[in-house]
Amino acid sequence: MAGKAGKQSRPRKAEKDEEEQPLLQAVLVADSFNRRFFPISKDQPRALLPLANVSMIDYTLEFLTSTGVQETFVFCCWMSSKIKEHLQKSKWCRPTSPNVVHVITSDLYRSLGDVLRDVDAKALVRSDFLLVYGDVVSNIDVSQALQEHRQRRKMEKNISVMTMIFKESPPGHKTRCEDDDIIVAMDSKSKRILHYQRAQALKKLHFPMNIFHSGSDEFEIRFDLLDCHISICSPQVSIRLYETQNQILGNQIHMHVTKDGYGACVSNLLMYDTVSSDTIRRWVYPITPEANFADQEGQSCTHSRHNVYREPGVSLGHGSQMEENVLIGRNTMIGANCTISNTVIGANCVIGDNVTLDRAYIWNRVHIANDVKVKQSVICDNVEVKHGVVLNEQCVLAYNVVVGPDITLQEGTVLSMHHPDEEDDEDEDEFLSDDDVGHSKDKTKQKGSLFNPAEVGSEGKGYRWKTSSLDDTEEDELAECIWGLALNPDPESDSESEVSEGSHDLGSHPASPELDDVKVFQNEVHGTLQRGLDENISCDNLVLEINSLKYAYNISLKEVMQILIRVVLEFPFHQQGAQISTAQYSSHLLPLLKKWAPVFKNYVKRPQDQLDCLASMEEVFLERETHWAALVKVLMSMYQLEILEEEGIMSWFRQSTTTDKSQQLRRNQGLLKFIQWIEEAEESSEGDE
Amino acid sequence: MLHQFWVDLLQDLPRFTETLVKMPGADKETDLSERIESFLSELKRCGSGAGSLRGSAETARETTALLRRITAQARWSNAGDLMEIIRKEGRRMTAAQPSETTVGNMVRRVLKIIREEYARSRGSTEEADQQESLHKLLTSGGSSEDNFRQHFAHLKANIIEAINELLTELEGTTDNISMQALEHIHSNEVIMTIGRSRTVEAFLKDAARKRKFHVMVAECAPFCQGHEMATSLSKEDIETTVIPDAAIFAVMSRVNKVIIGTQTVLANGGLRAVNGTHTLALAAKHHSTPLIVCAPMFKLSPQFPNEEDTFHKFVSPHEVLPFTEGEILSKVNAHCPLFDYVPPELITLFISNIGGNAPSYIYRLMSELYHPEDHEL
């Protein structure tokens, strides 16, 4: 871990405040832990992607600095060296910066939980801190929220651990991406969040009843909020991750809704589009392009009517028009008779004659030849677009691609110099950086396989990422993600099919939060256990891992248990393939159960937990009829390991079941014997007394 | 043992004293640049809303105090060096918030002070130095900076003294202006004003101590600073009416005098004032109502209205069309400019801290305040 020791001198500015208020610190996570921006983020980390010609991380740092943050810890993982280099060159690392920036890198961070744990392990924060991602663009003044947060913590003895900041924006707002639609149930008096759920394309929403019994008599359920991904956390957030007790449930998360200010998180390209245009339309004032807040040399631009911004050295050919909301970077040359609207063009680009650009985001050093039409697309650094190319909506040309001449790219085409297949080799370390190895690998590949002229034109270079063929489901998913779900023609069916892998009926998950989170969480738990097995990690540490994941994905304790059971029961299938026999299955599973017994014990404590645990076991086995025989063995060993108790098993067994299948399950020979045995054991133990 | 200790200490002593000597100087330097940085970033962020989070009087004072600090702490050996430093920092400060012209004005004032003090130290009269004639322009070589290379021991103290005088002058501007109130406001008059100007507020309050009059305040949407103004005036028992901006013309026929503040007085005698002022000025002209501008001298800028890039300031359109409006936002372009240009022919009189002047006299004030070579920083 290469921690950069920043200078220790403290800004003098707020000295008088300092006596009553401690130094305000922030944790900036410069990694999204997902691959939404692939293939673009393969060459450049997301935090460094230019938004209106300034790296996103600069917006975030500017936001933090202007709210009075005096010390920021930047955590990076993917391509950390690039981020570090960028920050060292930027104004944030100058000795005069009022906000001292420390860069902390590690390849081991796989989730927000890992980062928070590290924050705590290194004892970096001393009091309440701001937690943001490296792609937040905002000008919200958090001081009021901060004050509320501190007040609450004073009043309620540190029960409140987090205050999330939301921006009011009704449905249909363009800065709301369907992907990030959320529904929040809150206590209107205490502003406490009772339930937080991602609403993406769900027609039915479930709220656990218990949230309405929490003592307050006024509740609000709101759908008009935009999560700014800015939260004020107490140092306990990370400490609580260590606590393995149920007390986690006792923690409270509060919210602060702001009407003024602007805050959004660039979570996909659709958001990139809207946030860019909002920046150009000055919604984020005073963070505007002409303010040159990043203080870079030669970046100062002028602002003229209709939000046209020009950096120095721009040349515009005869008859070319910059209609509205246009930002053009320095030394860019634009030919004659071009029409440009709602567009950002980076530095040192060359654009030919008769080019039409609308909602185009063109980064640096791009060459565009004559007669090109671009609609709502992203064109990355060093791309060459040849004569007569037409880019339809939502195309992405990643770094160094060459397209054309005379080709029309379909809606949603993604081209990259990286071959999509190279993903398969690297599936193992999905989130780890593979920069060096990857590069050398795909160079050899590029030589091997030729570019398809039908995809990129006769002189083109690049591979098509989004394929319409259905067998490549994984890539399909990736490509859709890059523009967000709004593009997805039928998001509902899609998300449902995802769920169906987990359970047949949505109704069986009464309190399920965001679906994809549950799924991701499940994968993460699986990964954790796998690693635990491979590296022989002790159960205590596994519990810690799982708890931190729980935090990162906002999963309730009950679900953690359900998912844990599911993962463990399905573990042998993942290891050995789905076709293994029952005998093999149980012989694989039982040692695992024994090994992880402490983990289970940690989560299964009350009688209700046992019931839930059994119910989810039942659910898993219902899906796999052929392995019913193993259920008994599982129950037996769990009973022997003292995870489950007689009463629990008996009450589960006597539960009046609804479906035929589960009744069938209960009539299983082995199970009946087992129950009988338990009954006898119970009686005998009673007899002893 | 003890002996060894003393030897060690003696060996360390030079290094020790060295650090002692070095520390304050280095600290001063970083302290100075830190202050400059924080001032710059404050300028950049200031006015996220109405553009008047703090008055320009305060900005002027802060700028001057900072320039004084630079004069005192930066390394320079002669006036030429100092001017170079101040010009460099001045350029950065004005670039940080181009619409805040006060900053640039104060930089120019300080530059002028340096020139004067230098000239005095050399013994020549400042008048002779300042007189620009065609002959002089032709004969003098391009850079007059060469003349500022001489070193004078007392120059620093003199300059700081003069800057202190400037600061005292700045402290008193509002009082100086409001002292003249009784000459302009008579009993039972109807006065109209727009938005909120601290100078006008003080001016009216001063007059209200002796006379009874009625004030109409145009609310100045979308930020509605007029509401604040009206509350503040009515607390002083001034009869106040708030009117919407649209009613300015309708009410104008009853008004005896229009008294407004401004953000900047431009070199041609025009104004850059809060938006809505142009409407007000045109209505006043139509009804031949005198329009009086209360503007302290530090708002006088050598800028002309045709310098388009820095003239305007657009803020977040939130106040015009709230962000919560939803769907419609993607279909419209909303703009929220802050300033209006008021041409000089619509203005009757300027009241500054040194007295009343007609717009046509602005050029003269300009040449008294700033050296022609400093117009462009």
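B:R92 is partly exposed, with a relative accessible area of 30%. Its partner in a salt bridge is B:E37, and the closest N and O atoms of the two lie 2.7 Å apart. This is a predicted model, so every value here is computed from predicted atoms.

## Salt bridges

Start with that pair. B:R92 sits in helix α3 (residues 79-96) of chain B, while B:E37 sits in helix α1 of chain B. The pair therefore ties together parts that are 55 residues apart in sequence. B:E37 is buried, with a relative accessible area of 17%. Buried means under 20%, so the value of 17% for B:E37 falls inside that limit.

The side chains of B:E169 and B:R109 meet in a salt bridge, 3.1 Å from N to O. This pair links distant parts of the chain. B:E169 belongs to helix α7 (residues 155-179) of chain B, B:R109 to helix α4 (residues 101-122) of chain B, and they are 60 residues apart. Buried or partly exposed: which is B:R109? B:R109 is buried, with a relative accessible area of 10%. B:E169 is partly exposed, at 30%.

Salt bridges can also share partners. A:E168, A:E220, A:R222 and A:D224 are joined into one network in this way.

Chain A has a further pair. A:R282 forms a salt bridge with A:E290. A:R282 is buried, with a relative accessible area of 2%. A:E290 is partly exposed, at 25%.

The table sets out these pairs.

| Salt bridge | N to O distance |
|---|---|
| B:R92 and B:E37 | 2.7 Å |
| B:E169 and B:R109 | 3.1 Å |
| A:R282 and A:E290 | 2.9 Å |

How many salt bridges does the structure hold over all chains? The count is 32.

## Chain B and its helix α12

Now look at chain B as a whole. Chain B contains 14 helices and ten strands. It has 377 residues, and buried residues make up 50% of them. Take the contacts in chain B between residues at least 6 apart in sequence: 80% of these join residues at least 24 apart.

One helix shows how burial can be arranged. Helix α12 of chain B covers residues 277-286. Its buried residues are B:T277, B:L280, B:A281, B:A283 and B:A284.

After α12(B) comes B:S288, whose phi is positive, near 50 degrees.

## Where the chains meet

Next comes the interface. On the side of chain B, 32 residues are in contact with 40 residues of chain A. The size of an interface is often given as the accessible area lost when the parts come together. Here the area buried between chain B and chain A is about 3000 Å². Carbon and sulfur atoms give 54% of that area.

Which elements of chain B give two or more residues to the side that touches chain A? They are α1 (2-45) and α13 (308-311). The largest share, nine residues, comes from α1(B). Helix α1 of chain B also holds B:E37 from the opening pair.

The domain assignment divides chain A as follows. Domain 1 spans 25-201 + 208-242 + 250-270, domain 2 spans 297-420 and domain 3 spans 517-686. The centres of domain 2 and domain 3 of chain A, taken over C-alpha atoms, are separated by 56 Å.

Finally, zoom in on A:N354. This residue is found in the loop between β24 (350-351) and β25 (356-358) of chain A. A:N354 is partly exposed, with a relative accessible area of 37%. Leaving out residues up to four places away in sequence, A:N354 touches A:A336, A:N337, A:C338, A:D371 and A:V372. With A:D371 there is a polar contact, side chain to side chain, at 3.5 Å. A:V599 is 245 residues from A:N354 along the chain, and their C-alpha atoms are 66 Å apart.

How values were computed
Residues are numbered from 1 along each chain as its sequence is written. Chains are lettered from A and ligands numbered from 1 in the order in which they are written. This is a predicted model: local features need pLDDT of at least 70, side-chain atom pairs count only at pLDDT 80 or more; totals for chains, interfaces and linings use all residues. Side-chain values use heavy atoms; hydrogens and water are left out. Buried means under 20% relative accessible area, exposed over 50%, partly exposed in between (1.4 Å probe, protein chains only). Helices (H or I, at least four residues) and strands (E, at least two) are DSSP runs, numbered from the N terminus. Domain bounds come from an automatic or database domain assignment. Contact means heavy atoms within 4.5 Å. Buried area is the accessible area (1.4 Å probe) that two parts lose on being put together, summed over both. A salt bridge is a side-chain nitrogen of Lys or Arg within 4 Å of a carboxyl oxygen of Asp or Glu. A polar contact is a pair of N or O atoms within 3.5 Å; within protein, one must be able to donate a hydrogen and the other to accept it, and residues adjacent in sequence count only if both atoms are side-chain atoms.
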